[in-house]
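Here are my notes on the model you passed along, as a handful of points to read with the structure open.

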Amino acid sequence: MNYIEIHRLYKEGFSKSAIAKKLNISRNTVIDYLNMTTEEFEEFISSLRTREKKLDQFHDEILEWLREHPDLSGAQVYDWLEEKFNFKEVAENTVRNYLNELRDRYHIPKVLTQRTYATVPELPMGKQIQVDFGQTVVKDKDGHNKRLYFIAFILSHSRYKYAEWLDRPFRTADVIRMHESAFHYFGGISEEIVYDQDALLAVSENAGDLIMTSEFTKYHQTRQFNIYLCRKSDPESKGKIEQVVKFIKNNFSKHRVFGNITDWNQSCHAWLKRTGNYKVHHNTKKRPSEVHALEKQHLKKVSGTYIFENILASSITRSIQKDNVIRFGGNRYSVPKGTFRGDAPNIAYVQEDDGWLIIRLKQTGSILAKHKISSERGRVISDPSHREYGTSKRELLIKQIEDVFLDKENIQWLIHQLKERYPRHLTDQLKVLEQAIKVYPNHCDQALEEVKKLNMTSANDFRDIANSLSIQSQKGSPSAIELNQKYKDLIAPERSEDIYLKVLAGGRD
């Protein structure tokens with residue numbers, strides 16, 4: 001019990017601050033407990049058990065939320081109480097303390113998550129809007145996982161926010177339409193808009209689409225705002241919007257059940273009004289909605305309605321994968337073999353046209369591939385013509401090998417055997433054959449004859465026999481004996497034939 005532990009540590013000489021740090025409680029609690037006698041503490045504990053609290057009427061609901069989601073924060077519970085029961089008679093700190101009491105009483109530890117913060121310089125009113133994309137996975141009414149995508153905006157000075165969701169990855173037309181909605185929500189346009197460079201050019205949180213298209217360039221020139229592309233991992237440039245993305249994920253969407261995208265967006269806009277733009281900001285100590293009323297006067301008015309012309313599905317881009325496919329709608333669609341190149345951008349423009357998927361390398365270029373769009377997911381939709389080899393390097397290698405041999409029938413027989421026996425490793429076998437021909441050029445025809453005679457069907461066998469024939473030929477042709485230079489000037493004495501006849505006859509000299 002903290003009361004007994006506090007008094008024990010204090011008697012041992014620990015300071016009040018040290019006790020608070022050691023027991024992980026506030027210093028004020030240590031002071032209050034030290035000033036209480038044992039009788040006063042028992043009376044205090046008794047009053048806690050019997051005292052009715054305003055949040056007791058929601059005890060069962062909060063406990064159920066806590067058991068289902070152990071990582072719930074006090075801020076999120078505070079927002080849910082207002083959303084679901086229109087209850088706002090207590091402060092957020094009261095909810096947080098009540099939540100901690102329930103955790104202690106029912107032994108529900110909080111799952112801690114690391115949150116990073118970035119210091120961002122204050123900007124004048126009307127100067128800047130920051131934009132970023134995000135995505136999250138929630139449960140639908142059937143308990144299945146549902147991936148949702150959103151775009152978030154924030155006025156840098158007032159911290160006034162706007163967000164909009166989709167149940168599919170963004171397209172250029174979506175981004176432009178949501179910019180228009182944000183400008184209408186803010187009541188004008190700022191001098192500049194800050195984007196994450198990845199978010200515009202290769203959106204990792206938007207399924208890899210390229211958003212910065214010619215249509216978006218035309219749009220921002222029409223609306224006449226400056227674009228600032230910040231570098232990757234540059235919190236000083238976009239720290240405010242990063243916190244907004246986390247705020248939306250952790251306070252609005254976390255543990256919320258998805259029904260349909262229309263209701264979801266309506267709930268999000270209600271959350272913005274109720275919490276996102278009403279809650280006092282922890283840095284400015286002001287409500288964004290109140291500061292926005294002043295900043296709105298410094299925004300440039302939106303003139304007219306933007307005409308969404310020439311914003312076609314052709315603006316959708318996809319990356320060409322190494323195996324010459326592109327991903328679209330949960331499936332993979334083939335492009336001709338060789339389309340992917342290591343030294344190229346490998347970007348394809350895709351367009352939906354009456355149930356067909358049309359793929360081009362340029363927006364207005366010729367059609368690279370055309371597929372019927374599948375309603376299923378996880379499939380590979382392939383055009384057989386995209387996988388035909390034609391005159392490939394392998395076929396060219398076979399032709400070069402055949403040209404080396406005089407016996408065309410035997411070499412064609414061996415290559416046929418290699419195709420039958422090594423269909424997956426034929427190229428490797430051909431390369432062994434090619435290397436053996438280079439090393440043993442004088443023994444190739446004889447080696448081929450032996451391979452056919454012994455009915456061997458491996459390029460390794462051909463190489464070994466050629467090697468053996470080469471060794472045998474070297475043994476059969478000994479090199480000429482060289483005369484020792486030391487004795488080159490010596491001349492053998494000459495004898496007459498009679499001497500040899502006497503020796504053979506056994507006579508003496």
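1. Leaving aside neighbours within four places in sequence, Glu122 is in contact with His157 and Arg159 (contact means heavy atoms within 4.5 Å). Glu122 sits in the loop between α7 and β1 (128–140); helices (H or I, at least four residues) and strands (E, at least two) are DSSP runs, numbered from the N terminus. Glu122 and Ser156 are 34 residues apart in sequence, yet 7.6 Å apart in space, C-alpha to C-alpha. Glu122 counts as partly exposed because its relative accessibility is 48% (buried is under 20% relative accessible area, exposed over 50%, partly exposed in between, with a 1.4 Å probe and protein chains only).

2. Before going on, a caveat: this is a predicted model, where local features need pLDDT of at least 70 and side-chain atom pairs count only at pLDDT 80 or more, while totals for chains, interfaces and linings use all residues. Residues are numbered from 1 along each chain as its sequence is written, and side-chain values use heavy atoms, with hydrogens and water left out.

3. Back to Arg159, one of the partners of Glu122. Arg159 lies in the loop between β2 (145–155) and β3 (161–166), and is buried, with a relative accessible area of 5%. Have a look at its backbone too: Arg159 has a positive phi of about 65° although it is not a glycine.

4. Asn324 is another one to check: its phi is near 60°, a positive value in a residue other than glycine. You'll find Asn324 in the loop between β7 (316–319) and β8 (325–328), and at 10% relative accessibility it counts as buried.

5. Now the helices. The axes of α6 (residues 74–85) and α7 (residues 92–106) come within 8 Å and cross at roughly 115° (axes are lines fitted to C-alpha atoms, for helices over the stretch in contact, and angles run from 0 to 180 degrees between N-to-C directions). That makes α6 roughly perpendicular to α7, a label used for 65 to 115 degrees. On the α6 side, Gly74, Ala75, Val77, Tyr78 and Leu81 meet Glu92, Val95, Arg96 and Leu99 in α7.

6. Finally, the largest nonpolar core has 25 residues, and Ile401, Phe405, Ile411, Leu414, Leu433 and Phe462 are those with the most contacts inside it. Such a core is a set of buried Ala, Val, Leu, Ile, Met, Phe, Trp, Tyr and Cys residues joined through side-chain atoms within 4.5 Å. A second, separate core of 24 residues includes Leu155, Phe170, Ile193 and Phe225.

Conventions. Angles under 35 degrees count as roughly parallel, over 145 as roughly antiparallel, 65 to 115 as roughly perpendicular and the rest as oblique.
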